[in-house]
Amino acid sequence: MTTHGNQEPTRDEVREILRGLISGEVSPREASDWATPWITEEAGDVEDEVVWDALDWLSGADIETEPSVFLHGDDDFRHWLRDFESKAGY
């Protein structure tokens with residue numbers, strides 16, 4: 001998984017994480033852990049609104065409705081990717 005250090009995540013990095021969620025290479029928890037610092041402002045401000053929206057979705061990818069049952073699944077992740085790619089101009 002891509003790490004971003006102190007630099008704002010790029011659109012390509014966000015796209016990589018979204019694709020990883022769909023393929024199963026990235027778990028919902030990993031995606032959330034990757035995105036959450038940017039949402040909670042620990043890592044800094046995100047200026048790109050398209051990236052911000054995707055980070056917001058990704059930060060909630062691991063929300064559970066009960067232990068080990070996630071609120072969001074493959075259909076949601078596909079929707080997030082389509083929406084992101086549309087807004088990002090891919």
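The expected span of a helix is 1.5 Å times one less than its number of residues. Helices here are DSSP runs of H or I with at least four residues, strands are runs of E with at least two, and both are numbered from the N terminus. With that in hand, take helix H1: it has 13 residues and reaches 18 Å from its first C-alpha to its last, close to the 18 Å expected at 1.5 Å a residue.

Before going on, the ground rules. What you see is a predicted model, in which local features need pLDDT of at least 70 and side-chain atom pairs count only at pLDDT 80 or more, while totals for chains, interfaces and linings use all residues. Residues are numbered from 1 along each chain as its sequence is written, and side-chain values use heavy atoms, with hydrogens and water left out.

Let me stay with H1. I call a residue buried under 20% relative accessible area, exposed over 50%, and partly exposed in between, using a 1.4 Å probe and protein chains only. The buried residues of H1 are Glu 13, Val 14, Arg 15, Ile 17, Leu 18, Gly 20 and Leu 21. What do they pack against? Contact means heavy atoms within 4.5 Å, and on that basis the buried residues of H1 pack against helix H2 (28-39), H3 and helix H4 (74-88).

Ile 22 is also in helix H1. It is partly exposed, with a relative accessible area of 22%. Setting aside neighbours within four places in sequence, Ile 22 touches Asp 74, Phe 77, Arg 78 and Leu 81. Its C-alpha lies 17 Å from that of Asp 56, which is 34 residues away along the chain.

Just after H1 comes Gly 24, with a positive phi of about 90 degrees. Gly 24 sits in the loop between H1 and H2 and, at 56% relative accessibility, counts as exposed. The C-alpha atoms of Gly 24 and Asp 74 are 50 residues apart along the chain and separated by 9.1 Å.

There is another positive phi to point out. Most residues other than glycine have a negative phi. Ser 68 is not a glycine, yet its phi is positive, about 65 degrees. Where is Ser 68 found? It is in the loop between strand S1 (64-66) and strand S2 (69-70). With 62% relative accessibility, Ser 68 is exposed.

Now the helix pairs. Two packed helices are described by the angle between their axes and the distance between the axes. The axes are lines fitted to C-alpha atoms, for helices over the stretch in contact, and the angles run from 0 to 180 degrees between N-to-C directions. Under 35 degrees counts as roughly parallel, over 145 as roughly antiparallel, 65 to 115 as roughly perpendicular, and the rest as oblique.

First pair: H1 (residues 11-23) and H3 (residues 49-59). Their axes come within 10 Å and cross at roughly 30 degrees, so H1 and H3 are roughly parallel to each other. The residues that meet are Arg 11, Val 14, Ile 17, Leu 18 and Leu 21 in H1, and Val 50, Val 51, Ala 54 and Leu 58 in H3. For the next count, Ala, Val, Leu, Ile, Met, Phe, Trp, Tyr, Cys and Pro are nonpolar, Asp, Glu, Lys and Arg are charged, and the others, Gly among them, are polar. The contact of H1 with H3 has eight nonpolar residues, no polar ones and one charged.

Next, H3 and H4. These pack at an angle of about 170 degrees, with their axes 10 Å apart. That makes H3 roughly antiparallel to H4. The contact of H3 with H4 divides into seven nonpolar residues, no polar and three charged. On the H3 side are Val 50, Asp 53, Ala 54, Trp 57 and Leu 58, which meet Trp 80, Asp 83, Phe 84, Lys 87 and Ala 88 in H4.

Last pair: H2 and H3. Their axes come within 7 Å and cross at roughly 125 degrees, and the two helices are therefore oblique to each other. H2 contributes Ala 31, Ser 32, Trp 34, Ala 35, Thr 36, Trp 38 and Ile 39, and H3 contributes Trp 52, Leu 55, Asp 56, Leu 58 and Ser 59. That contact divides into eight nonpolar, three polar and one charged.

Is Ser 32 buried or exposed? At 4% relative accessibility, Ser 32 counts as buried. Apart from neighbours within four places in sequence, Ser 32 is in contact with Leu 58, Ser 59 and Asp 62.
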